Each structure stands twice: as C-alpha cells, then as structure tokens.
Amino acid sequence: MVNPMRFRAFLVLAIGVTTASVAAAQAPAAPPPSAATTPAAQVPAAPAPEVYSYNPEGRRDPFVSLLLRGAELNTNRENRPDGREGVMIGEVTVRGIVKNRATYVAMVQGPDNKTYIIHPGDKLLDGAVKTITGDAVIFAQDVNDPLSLVKQREVRKTLRVPEEGK
C-alpha cells in the first residue's frame with residue numbers, strides 16, 4: 001500500500017506543484033457561504049488603527065510654515081532699544097569709513113536717518129561688527145531660522161555700490 005504523504009511529496013518534487021495546490025485539488029469543493037448561514041460571531045473585527053509618529057531624521061518639519069521661515073526678530077519698532085543697539089544689520093547703509101590711528105571707524109545710517117559711529121566689536125540688534133576695512137564693513141549676523149544649520153553668517157556692506165558693466 002502506498003503512503004499518501006510520500007505520494008504527495010513525490011508529486012510535489014516530480015511535477016513542481018506546491019502542497020497547498022495538491023491539498024486544494026484533493027479537498028472537496030465547499031459551497032460559498034451565504035449571508036443567511038454565516039453567524040454574526042464569525043464577522044471579522046475591524047483592524048486597529050495604526051499609530052503614526054513622525055521621525056524627522058534631517059528632513060524639514062512639515063508643520064513649520066514656509067512663509068514665515070527666517071522671520072526676523074524684533075521687527076516691531078516699538079519694542080527695540082534706542083540708538084545703535086536697536087538697528088538691524090539689513091537696515092544700515094555705510095556712509096563713510098575713517099582711519100583712526102591704527103583702526104578703522106565706520107559711519108552708518110539707520111532707517112531713522114540718524115548716523116551712527118561704529119567700531120569693530122560693537123553690537124547691533126541682530127549681530128555685531130566683525131571688522132572694518134578701507135572700503136567695507138563686515139558684520140557677523142545671527143541667523144534666526146530654525147531650519148538653518150548655520151547660526152551666524154557674514155554680511156559685507158561696501159562703502160560704494162559696485163558698478164555693473166565696467
């Protein structure tokens with residue numbers, strides 16, 4: 001007498017048919033269940049909702065507005081301190097540079113049309129004066145952008161605007 005398990009294994013190896021298809025071929029076909037014969041206890045339960053967590057891993061935060069990116073601090077004129085400390089680097093214009101013995105001193109004009117004398121190391125609202133050369137003032141500006149990897153950048157403001165086309 002032939003062992004049915006060995007016979008099934010022989011068929012799988014010889015024909016290349018999986019055991020599931022052989023078992024399905026040998027099993028009698030069952031009629032499809034109808035709605036009247038299926039009890040309520042056999043209804044599959046709804047799958048549990050997946051909990052989502054965001055892992056940035058160097059990507060930008062999708063909830064930070066791109067329109068307000070890098071918004072400057074204290075743009076409100078009422079909350080600023082008086083004098084040179086209340087002027088932002090982007091608002092100043094270099095009006096003159098004077099050599100004082102061994103160092104340079106610059107005259108800058110603020111948005112209030114007042115002229116301020118600045119020296120290397122002087123503080124402004126969003127940075128400080130790094131160096132003053134014969135033709136430019138170099139500022140170290142603090143970057144107020146949560147998405148930026150750089151926290152400070154150099155801003156060079158020249159005494160004269162370079163002419164294009166010459």
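Reply: Within the sheet, Ile 132 stands opposite Val 137 in β6. The model is a predicted one, in which local features need pLDDT of at least 70 and side-chain atom pairs count only at pLDDT 80 or more, whereas totals for chains, interfaces and linings use all residues. Residues are numbered from 1 along each chain as its sequence is written, and side-chain values use heavy atoms, with hydrogens and water left out.

Strands here are DSSP runs of E with at least two residues, and helices are runs of H or I with at least four, both numbered from the N terminus; two strands pair if DSSP finds at least two bridges between them. On that basis, β5 and β6 (residues 136–142) pair in the antiparallel sense over five bridges, and a hairpin of three residues joins β5 to β6. Strand β5 (residues 127–132) also pairs with β4 (residues 123–124), again in the antiparallel sense, over two bridges. There, Lys 123 stands opposite Ala 128 of β5, and the hairpin from β4 to β5 runs through two residues. The open sheet comprises four strands in the order β4-β5-β6-β7, with antiparallel pairing. Its edge strands are β4 and β7 (152–158), each of which pairs on one side only.

The charged contacts come next. A salt bridge is defined as a side-chain nitrogen of Lys or Arg within 4 Å of a carboxyl oxygen of Asp or Glu, and a search of the whole structure finds five of them. One joins Glu 154 to Lys 130, with the closest N and O atoms 2.4 Å apart. This pair links distant parts of the chain, Glu 154 lying in strand β7 and Lys 130 in strand β5, 24 residues apart.

Relative accessible area is classed as buried under 20%, exposed over 50% and partly exposed in between (1.4 Å probe, protein chains only). Glu 154 counts as exposed because its relative accessibility is 53%, while Lys 130, at 42%, is partly exposed.

Elsewhere, Arg 84, Glu 85 and Asp 122 are linked in a network of salt bridges. Arg 84 meets Glu 85 with closest N and O atoms 3.0 Å apart, and the side chain of Arg 84 also meets that of Asp 122 at 3.5 Å, N to O. Asp 122 lies in the loop between β3 (115–118) and β4, and Arg 84 in the loop between α2 (19–26) and β1 (93–100), 38 residues apart. Asp 122 counts as buried because its relative accessibility is 14%.
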